[in-house]
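Thanks for coming. I will take the ligand site to begin with, then some aromatic rings. Please have the structure open on your screen.

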Amino acid sequence: MAKITLEGIRHSYPSDGREQIWALEEISQVWEDGGAYALLGPSGCGKTTLLNIISGLLKPTRGNILFNTDDVTETTTSARQIAQVFQFPVVYDTMTVFDNLAFPLKNRGLPKTEIIPRVHEIAAMLDLTESLDRRASGLTADGKQKISLGRGLVRSDVNAILFDEPLTVIDPHLKWQLRSKLKQLHQQVGTTMIYVTHDQTEALTFADKVVVMFEGKVVQVGTPQELFEMPRHTFVGHFIGSPGMNVLPCNTDENGVRCLGVSLGLIEKQPGKGNQLEVGVRPEFVFFDELGIPVRVNKVDDLGRYQVVEVEADGQILKMVVPESESIPSENPCISFDLDFTKLYRDGWMVDSEETA
Ligand code: ATP
């Protein structure tokens with residue numbers, strides 16, 4: 001197993017002589033030995049490019065990769081001892097489930113006395129014991145993807161296991177089962193795992209640390225709670241959470257930040273340079289209040305355990321998450337923000353702020 005360090009990684013694909021476009025901007029990042037990471041971001045943000053650079057399928061245009069203290073930038077995938085699980089199952093249909101799982105071990109010349117117990121151990125973890133003697137061709141898509149996961153997990157000599165959207169082909173109702181299974185497997189095997197996905201639920205369920213990417217950059221690395229309570233970038237606020245964070249234009253005067261036509265009671269600690277100043281507040285931290293900002297209620301969606309309320313103030317639309325038990329005021333509704341969770345952003349990035357006395 002290894003700690004993986006990315007030092008100043010940048011990548012651009014060949015551009016036929018046109019202007020060089022960076023699929024990855026500068027990324028410096030440490031993946032601790034034994035960690036469970038998710039690489040989360042929308043389509044095209046550079047997740048697969050980064051994963052392929054870590055595995056050795058792609059050589060970065062700039063920068064270095066270290067496994068522990070060894071520079072592996074120039075080495076092949078097999079020399080890096082990386083296991084990969086892709087979107088679509090990589091399974092030999094004519095072989096039995098047992099032989100599929102044993103394949104990576106046989107390839108490395110391990111004796112049968114080691115292969116047999118290891119295959120049985122992995123099969124038990126994945127609930128495949130009953131199917132070991134069956135041909136893989138008879139299995140469903142999720143059964144086959146379990147074999148792919150098993151082939152990734154079966155080697156005990158790997159430095160890391162990389163998963164590239166491994167649940168894409170799985171039926172939605174089985175996804176949650178495999179998702180929690182993967183988390184459990186990480187706890188059992190303890191290998192560094194990096195899980196690429198554009199699905200926040202998959203990322204937040206699996207990972208101890210989520211690495212959020214946007215337009216070729218890592219914008220935040222944090223626990224699910226940190227990403228929820230302290231989004232470092234407005235993109236993280238938008239992308240994580242359902243509904244995402246409210247991002248509202250604002251300006252400052254002698255009383256601090258003004259937003260939705262009122263003073264919020266918040267100031268920027270060290271007013272910085274940059275153009276756009278915005279307030280970010282998650283729907284969970286906006287509440288109805290007798291003496292707050294006057295709003296009009298546009299829509300109420302009852303989602304069972306809570307209600308999502310859309311309100312409008314000063315020409316801006318906001319979302320609120322309101323407990324099921326709470327009634328929505330019908331006359332002169334007003335709202336307030338929980339200032340502990342109301343953040344200021346300059347050009348997208350969070351800046352330090354504090355409450356005015
Ligand atoms: P997805 O979830 O859609 O796979 P991603 O986040 O994994 O997206 P990448 O596939 O890494 O993103 O792509 C990052 C950028 O690099 C995109 O703009 C993409 O068009 C570009 N790109 C990816 N592969 C190539 C390639 N082989 N040649 C040229 N450009 C590429």
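Look at T49: one of the polar atoms in its side chain sits 2.5 Å from an oxygen atom of the ligand. Taken by itself, the ligand exposes 630 Å², and the protein buries 53% of that. Keep in mind that this is a predicted model.

T48 also has a polar side-chain atom by a ligand oxygen, at 2.7 Å. With C45, the atom concerned is a backbone N or O, 3.1 Å from an oxygen atom of the ligand.

Which residues are around the ligand? They are Y13, A23, P42, S43, G44, C45, G46, K47, T48 and T49. By type, this shell splits into four nonpolar residues, five polar and one charged.

Now the rings. How many aromatic pairs does a search of the whole structure find? The count is nine. One of them is F235 with F239, a stacked pair with 5.0 Å between the centres and 20 degrees between the planes. Why are these two about one helical turn apart? Because they are four residues apart in helix 9, which covers residues 234–239.

F163, Y195 and F206 make up one aromatic cluster. And R10 lies over the face of W22, 3.9 Å from the centre of the ring.

That is the end of my part.

How values were computed. Residues numbered from 1 in each chain as written. Predicted model: local features only at pLDDT ≥ 70, side-chain atom pairs only at ≥ 80, totals over all residues. Heavy atoms only, no water. Near = heavy atom within 4 Å. Polar contact = N/O pair within 3.5 Å; in protein donor to acceptor, adjacent residues only side chain to side chain. Areas by Shrake-Rupley, 256 points an atom, 1.4 Å probe, with all protein chains shown as cover. Nonpolar A, V, L, I, M, F, W, Y, C, P; charged D, E, K, R; others polar. Phe/Tyr/Trp six-rings, centres within 6.5 Å; stacked < 30°, edge-to-face > 60°. Lys NZ or Arg CZ within 6 Å of the ring centre and 35° of its normal.
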